[in-house]
Amino acid sequence: MPAGTNWPTDEASPEIRRLISPSMEFRAQPFDVEAVFAKTRRKRPRGLRGPNSPLYASIWPMVHIVRLFGFAPYKFSQDRLVPSNGYLIFSAIAAVLYSYILYVIVQRFTNVKQDQTTLNRTENAKVIINYSVVVYELGLTVFMRRSFTRTWNALQDYDESVRQLGYPRKETRTAIAAWILAIVTATVWTTVNRSGMYAFLETWIYNMGYMLSYVGTSIALYKFVGIAYFLGQRFHHLNTIAIKNLPSPSPREKTTHVSRKTIQSLHNDLMLAAENLESLYSWSLLLWLCNLSVHAVSNVYFIIEWVLMTSWETVTWPLIYCMSAWLLAVLIQLLLLHIACDFASSQANYMGPVLIEWQLRLMRRNEECTDSTLQFLNRKLKFSAAGCCYVNLPLLRSIAALLATYLVILLQFPS
């Protein structure tokens, strides 16, 4: 102790302790590991997965509409999309309702005596085909739920991977496209409903009951179109990343931030998801093409018969407007189906030329390149309609030519 320092003795220490504030006293506190972990976890940013992902946040109103029609029996569990038994109630109600409407329609056609003309046979066939398609889609949705969730989770995993690489996706265009599609679809079906009520003097409930299965078929088709479009977006995004990270011509300059193996791995994951989707909807594509083609040629036949084959004074314009609205609804679905499949296929198949350019640049820089890119040229993504044809934009031209030929033949028969 230094000299000259007068420290309080032990007898005076209680007085000193009374002058010290209780908050100044040092007290030992136990270390709670769980409390510290919970506090740290609360400070972490929320993960952009599951219902918090940008993709789901941009389309969640449409997901609820699809679920209402029985085509989305899924839920999120620990940020992963999994099959839901609870939401199967919507699929069961939709199946019963569609089946009851099919029974009513078939019973009406069997009880009412009609002349067996080509027009009536075509009308009967297209109604039965449409109801068969919607029931098939419900069964596919219910029994293949797990397969569909793998495709969605692959999209979610890709978004998380590229976000960690510094290339996050923005879903602004996705949200705009989803809302435009929803508004256009609602407008078209509302027009069909109002024109049908006016043309056939039907009540709103009866007309909506007749339209319900048609709306259900379009919802199932839009579900596939949306997933195919999301895949095409991610293939396009990955192609952009690969082009930005191509090796520079100069060996001294290094511009590659994402390796080629990483890009190949991401492309392989997306290809597996796309091939799974193509395998899942192969028969659905064939049924949609047949259903929409039959309805398109039938509606055009009605319009031609009522406009060109009758006198101008006896033309029933309300029926023309109704058939035109139905034709517009069918053509929109047919066009979107081909555009979505063509977009996803073209973007997925573009990776091969990009990787070949990558390999050529490495060879010019005298760097060793042992990885083969032939597999990316041979591994093509094509949406097959049950093995009968590939769905793309050239097929749309072939369908138009075939329907025109069939329409000319159909017009040769008496109505």
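Trainee: Which residues is Leu-285 in contact with, leaving aside its neighbours within four places in sequence?

Mentor: Contact means heavy atoms within 4.5 Å. On that basis Leu-285 is in contact with Phe-224, Leu-337, Cys-341, Phe-383, Ser-384, Ala-385 and Val-391. Before going on, note that this is a predicted model, in which local features need pLDDT of at least 70, side-chain atom pairs count only at pLDDT 80 or more, and totals for chains, interfaces and linings use all residues. Residues are numbered from 1 along each chain as its sequence is written, and side-chain values use heavy atoms, with hydrogens and water left out.

Trainee: How many helices and strands does the chain have?

Mentor: Helices (H or I, at least four residues) and strands (E, at least two) are DSSP runs, numbered from the N terminus. The chain has 14 helices and two strands. Of the contacts with a separation of 6 or more, 82% are between residues 24 or more positions apart.

Trainee: What percentage of the 415 residues of the chain count as buried?

Mentor: Buried means under 20% relative accessible area, exposed over 50%, and partly exposed in between (1.4 Å probe, protein chains only). Here 44% of the 415 residues count as buried.

Trainee: Which residues touch the most other members of the largest nonpolar core?

Mentor: A nonpolar core is a set of buried Ala, Val, Leu, Ile, Met, Phe, Trp, Tyr and Cys residues joined through side-chain atoms within 4.5 Å. The largest one has 105 residues, and Phe-224, Leu-285, Trp-288 and Trp-326 touch the most other members. Helix H8 (residues 204–244) gives the most to this core, with 19 residues.

Trainee: How do I read the faces of a helix, and which residues of H14 are buried?

Mentor: An α-helix has 3.6 residues a turn, so residues three or four places apart point the same way. In H14, Leu-395, Ile-399, Leu-403, Leu-407 and Leu-410 are buried. They are on the same side of H14 because they cover an arc of only 110 degrees around the axis; the arc is that of the directions from the helix axis to the C-beta atoms.

Trainee: How many residues of H10 are buried?

Mentor: In H10, 20 of the 26 residues are buried, so this helix is largely enclosed by the rest of the structure. Helix H10 (residues 282–307) reaches 38 Å from its first C-alpha to its last, close to the 38 Å expected at 1.5 Å a residue. The expected span is 1.5 Å times one less than the number of residues.

Trainee: How many cavities of 30 Å³ or more does a search of the whole structure find?

Mentor: The search finds three. The largest cavity holds about 80 Å³ of space. Among the residues that line it are Asn-130, Trp-189, His-295 and Trp-326. H11 gives the most to this lining, with four residues.

Trainee: Where does Gln-78 lie, and what is its phi?

Mentor: Most residues other than glycine have a negative phi, and most peptide bonds are trans. Phi of Gln-78 is near 55 degrees, a positive value. Gln-78 lies in the loop between S1 and strand S2 (80–83), and is exposed, with a relative accessible area of 76%. Ala-386 also has a positive phi, of about 55 degrees, and is partly exposed at 22% relative accessible area.

Conventions
1 Å grid on protein atoms, 1.4 Å probe; cavity = no way out; pocket = protein on both sides within 12 Å on 5 of 7 lines; lining within 4 Å. Points joined across faces, edges and corners; volume = space filled by probe spheres on them.
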